Amino acid sequence: MSLPEHLPDHLHKWSWGAFALNWIWGLGNGVYIALLMFVPGVNLVMPFILGAKGNLWAWQKGNWDSEQDFLRTQKIWNRVGVGALFGIPAFFILVFALVFMVMRNSDPYKISFDLVQQNPSVIASIGTPVERTGWMISGTINYENDEGYADLDYEVTGPLGSGQVSFMGYLEDSEWIIQQHTFTPLSGGKTIDLLQPEPFT
């Protein structure tokens, strides 16, 4: 079927398929200019060009039985593009949230935070109550049978300031042995070794 060269006015729409899937959409629609996505620098602006011009370029290829065929195909691409645009980031956000939740509910983190909350030197530095700062916990926790290892870093805050906590320990016979446990005020104060006994006053 012979189609007009120019895209009908009512088809001048933003192409989410071309924007989000760019070079994949380009191969699927014969719009090979989309392969410029592999050129550094150009790939920063190419998704927006494809989003704006994608329908026109795909239409001009003329590989359509009818306007309805074109609309149906691009509608599928748009749905997949929107799904990729929002679904993939949402998936990774969910994964990170689950990882942080698991770490925050882990035994080494709970042991560390309880000790920090009760430490007189920490309280003197940032005041009380000592509270968690957000959900961000960096590091690793590994378990294997009744043995494991933990290396954690996280922030806590109080009325007088905040600080960074570092915890290292290993699990042996179902008991966590602390190797390193420190608190460093973010204001630049001296690092407190939480394994050292508090001086008598």
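These entries record what I looked up about the sheet and the helices packed on it.

I began with the basis of the model, which is predicted, so that local features need pLDDT of at least 70 and side-chain atom pairs count only at pLDDT 80 or more, while totals for chains, interfaces and linings use all residues. Residues are numbered from 1 along each chain as its sequence is written, and side-chain values use heavy atoms, with hydrogens and water left out.

I then traced the sheet, taking helices (H or I, at least four residues) and strands (E, at least two) as DSSP runs numbered from the N terminus, and counting two strands as paired if DSSP finds at least two bridges between them. I found an open sheet of 5 strands in the order 1-2-3-4-5, with antiparallel pairing; its edges are strand 1 (131-144) and strand 5 (192-193), each of which pairs on one side only.

Strand 3 and strand 4 (residues 175-185) share 10 bridges, with Tyr170 partnered by Ile177 in strand 4; in the turn of their hairpin, Asp173 has a positive phi of about 55°.

At strand 5 I noted 2 antiparallel bridges to strand 4, and Asp193 as the bridge partner of Thr182.

Last, I checked the helices, with axes as lines fitted to C-alpha atoms, for helices over the stretch in contact (heavy atoms within 4.5 Å), and angles from 0 to 180 degrees between N-to-C directions. Helix 3 (residues 67-104) lies across strand 1 and strand 2, at about 85° to strand 1, whereas helix 4 (residues 107-118) lies across strand 1, strand 2, strand 3 and strand 4, at about 40° to strand 2.
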